Structures are given as structure tokens and as C-alpha cells.
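Here is a short note for a colleague opening this structure for the first time. Please keep the model in view while reading the points.

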Amino acid sequence: MAKKRKKPKIEFRYYQMSEGSPILALLGQKWVQTYGSGVDYLHFHNYLEIGYCYGGQGHMILGEDKVFFNGGELTVIPPNYAHTTNSDVGTVSKWEYLFIDVEGFMKKILDSPVKAEKMIQRIYSRVLFFQEEEYPSIADKVLKILNIMRNGEEFYLEEAKGVLGALLAEIARMNRQSEEDRVEEETGKVTNMITRALDYVSYYYMEDIRVEDLAKYCHISETHFRRVFTSYMKVSPLEYVNTVRIQTACELLKKTDEPVADIAHKCGFTTNSTFNRNFKHLMGVTPVEWRKRPENYEQQLLNFNIHSEKGW
């Protein structure tokens with residue numbers, strides 16, 4: 001019998017936020033060092049990591065990509081994204097970091113769960129690595145928060161939160177996937193009726209939702225609700241419900257190793273065949289094929305022997 005291949009090591013470096021703060025700043029001389037010395041494995045975190053490189057040289061492993069830094073670079077790394085930093089041999093590098101509780105922060109400052117979830121998903125949708133001159137506005141905000149946290153003047157946390165909201169909004173816009181998203185945002189605020197319907201779907205997508213139920217929840221007739229919803233959202237109410245279910249299934253496929261059948265049931269599909277048909281219609285591939293794609297980086301963590309370690 002062939003030996004089971006041993007999983008490579010990966011380290012989970014978790015951080016704890018101070019009560020009432022969505023920001024943890026790692027500052028000062030401790031972060032002037034030879035990165036990667038004696039470390040031959042990747043790690044991931046429980047919060048969004050934003051890094052700024054003041055100087056030095058070396059490379060980073062971001063998932064399956066290798067990128068090089070020599071000062072003036074920024075990184076935005078989602079939670080559960082495997083990565084590591086390595087200084088060139090015989091050199092030191094200076095970085096400083098912000099760890100952000102994006103979910104907790106967004107759900108407190110936004111009055112709509114749908115909008116909060118949309119921004120969170122945008123921010124987490126990919127890793128970013130860029131030179132500060134490419135996106136000077138983002139770089140300025142990151143450096144401002146680092147300095148606010150460093151100086152710790154009166155009301156510093158309130159000031160940092162204000163800049164953080166603007167920073168996260170800009171990152172979310174950077175990660176916009178299509179012109180459809182851009183058009184939707186430029187049409188103005190979502191009407192109260194549509195917002196109520198979207199919130200209802202976000203809470204009850206796993207149940208048997210009928211258009212009649214959504215119309216009653218919004219206090220209008222079913223015919224009028226169908227017309228207004230479809231005109232605004234560019235899809236029918238049931239198509240939207242189906243999209244939310246498939247998007248939720250994608251998250252579970254990406255982050256867990258649960259059987260596809262279990263995920264289908266959790267997302268409101270009564271049969272596997274219905275789930276598979278709808279998934280392929282929206283995503284272009286089957287759930288099993290989609291799960292194997294390299295961009296579903298959180299699924300890759302399941303291939304490692306995870307060692308948990310409190311953050312540096």
C-alpha cells in the first residue's frame with residue numbers, strides 16, 4: 001500500500017484586536033529585519049493584512065505567484081490567503097503592517113447588510129501588490145493610518161476609522177469586476193423597497209423563497225414588485241435569488257472541503273441535479289471543476305498541515 005503523501009506545513013498566525021478597535025498596527029524597529037530567515041513555509045492570517053515596504057529588497061510568495069520588492073510597495077492580502085515575505089540574503093527590509101477587521105467594521109458603519117457584504121466580498125476578492133506611485137491615493141491613506149496609530153494623539157482611533165472607511169471603499173472600487181458594477185453604482189442609491197428585498201434574500205436564501213413573499217415583505221403587489229425589481233436589478237427576482245445561492249455555494253466550495261451535495265442543500269437547492277445545472281449555467285463549469293481552479297486560494301489551505309501560532 002502506497003504511503004500517503006505528507007501535507008506541507010503552513011502556519012496560521014492569528015491576531016486579537018483591542019476592544020472597540022478594527023485596526024491593529026505593527027510598527028517600529030521590530031519590523032526592520034531579514035524576512036524569511038529560517039522559515040521555509042507559508043502562513044496566513046485571520047484578518048486583512050495591509051503592508052507597506054519602506055525599503056530593502058527581496059520577494060514575496062502570494063499564493064502561487066512570486067513578486068519582487070525593493071521599497072515603496074504595498075500589499076493588500078485577504079484573510080486565509082497563503083503568503084510569505086523573504087529578504088534577499090544578507091539584507092534587511094523595513095515593513096509596517098495594518099491588520100483590519102473588515103467584516104466587523106463594515107457591518108457597524110453601513111446600514112445595509114447587502115451593501116456591507118458586497119464591499120467585504122470585493123475587498124477579499126483578490127490579493128493586491130503594487131508600487132505606491134501606481135495608486136498614490138491608497139498609499140497616502142495607508143501611510144496616514146500608520147502614522148495616526150503611531151502618534152496615538154487624542155481621538156486617534158476615531159480619526160483612523162474615518163480614514164479606514166475611505167481606504168476600504170477605494171480598495172473595493174479597485175476590485176470592481178465589470179462595467180455592470182460601475183453602471184449600477186452610478187445610478188444612485190438603492191430604493192428602500194429594493195434594499196428590503198435584497199436584505200431579505202441575504203438572510204433567507206436557503207429557504208423556499210417565492211416572489212409573492214418578497215412582494216408582501218415590501219408591501220406592494222407581486223406584479224408591481226416584479227416590474228420594479230427587474231427594471232432596477234436587470235434580472236428577475238428568482239434569478240437574483242438563484243445568483244445569491246450560487247455565490248454562497250462558491251464561498252463554501254472555496255473555503256471548505258464539504259461534499260458538493262451538502263453545500264447544495266445548505267444553499268437552498270433541493271436536488272443535486274438542480275444545483276449542478278444552475279451552477280454551470282451561471283459559472284460556466286461544474287461545482288467540482290470550479291473548486292479546482294487556482295484562484296480559489298482558500299481551498300488550497302486544505303492541502304496543508306496547518307500549524308496555529310499567535311501573530312508575531
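1. A polar atom of the Thr 248 side chain lies 2.8 Å from the backbone oxygen of Val 244. Thr 248 belongs to helix 9, residues 237–255. Bear in mind that this is a predicted model.

2. What else does Thr 248 touch, beyond its neighbours within four places in sequence? Its contacts are Tyr 205 and Cys 267. Tyr 205 is 43 residues away from Thr 248 along the chain, yet the two C-alpha atoms are separated by 9.2 Å.

3. Now the cysteines. How many disulfides does a search of the whole structure find? The search finds zero. Cys 267, the contact of Thr 248, is in no disulfide; the nearest cysteine sulfur belongs to Cys 250 and is 8.9 Å away.

4. Is Cys 267 buried or exposed? Cys 267 is buried, because its relative accessible area is 0% and the cut-off for buried is under 20%. Cys 218 is also buried, at 8% relative accessibility.

5. Thr 85 sits in strand 9, residues 83–87. With a relative accessible area of 10%, Thr 85 counts as buried. Leaving out residues up to four places away in sequence, Thr 85 touches Tyr 35, Gly 36, His 59, Met 60, Phe 69 and Trp 95.

6. Two backbone angles deserve a look. Most residues other than glycine have a negative phi. Asn 80 has a positive phi, near 65 degrees. Asn 80 is in the loop between strand 8 (73–77) and strand 9. At 25% relative accessibility, Asn 80 is partly exposed.

7. His 219 has a positive phi too, near 65 degrees. Where is His 219 found? His 219 lies in the loop between helix 7 (211–217) and helix 8 (222–233). The residue is exposed, with a relative accessible area of 66%.

8. Finish with the second largest pocket. It holds about 180 Å³ of space. Which helix gives the most to its lining? Helix 1, residues 102–109, does, with four residues. The lining includes Asp 101, Gly 104, Phe 105, Lys 108 and Ile 109. Met 17, Ser 18, Gly 20, Ser 21, Pro 22 and Lys 161 are also among the lining residues. By class, the lining has four nonpolar, four polar and three charged residues.

Methods:
Residues numbered from 1 in each chain as written. Predicted model: local features only at pLDDT ≥ 70, side-chain atom pairs only at ≥ 80, totals over all residues. Heavy atoms only, no water. 1 Å grid on protein atoms, 1.4 Å probe; cavity = no way out; pocket = protein on both sides within 12 Å on 5 of 7 lines; lining within 4 Å. Points joined across faces, edges and corners; volume = space filled by probe spheres on them. Helix = DSSP H or I, 4+ residues; strand = E, 2+ residues; numbered from the N terminus. Nonpolar A, V, L, I, M, F, W, Y, C, P; charged D, E, K, R; others polar. Disulfide = S-S within 2.5 Å. Buried < 20%, exposed > 50% of the residue type's maximum accessible area, 1.4 Å probe, protein only. Contact = heavy atoms within 4.5 Å. Polar contact = N/O pair within 3.5 Å; in protein donor to acceptor, adjacent residues only side chain to side chain.
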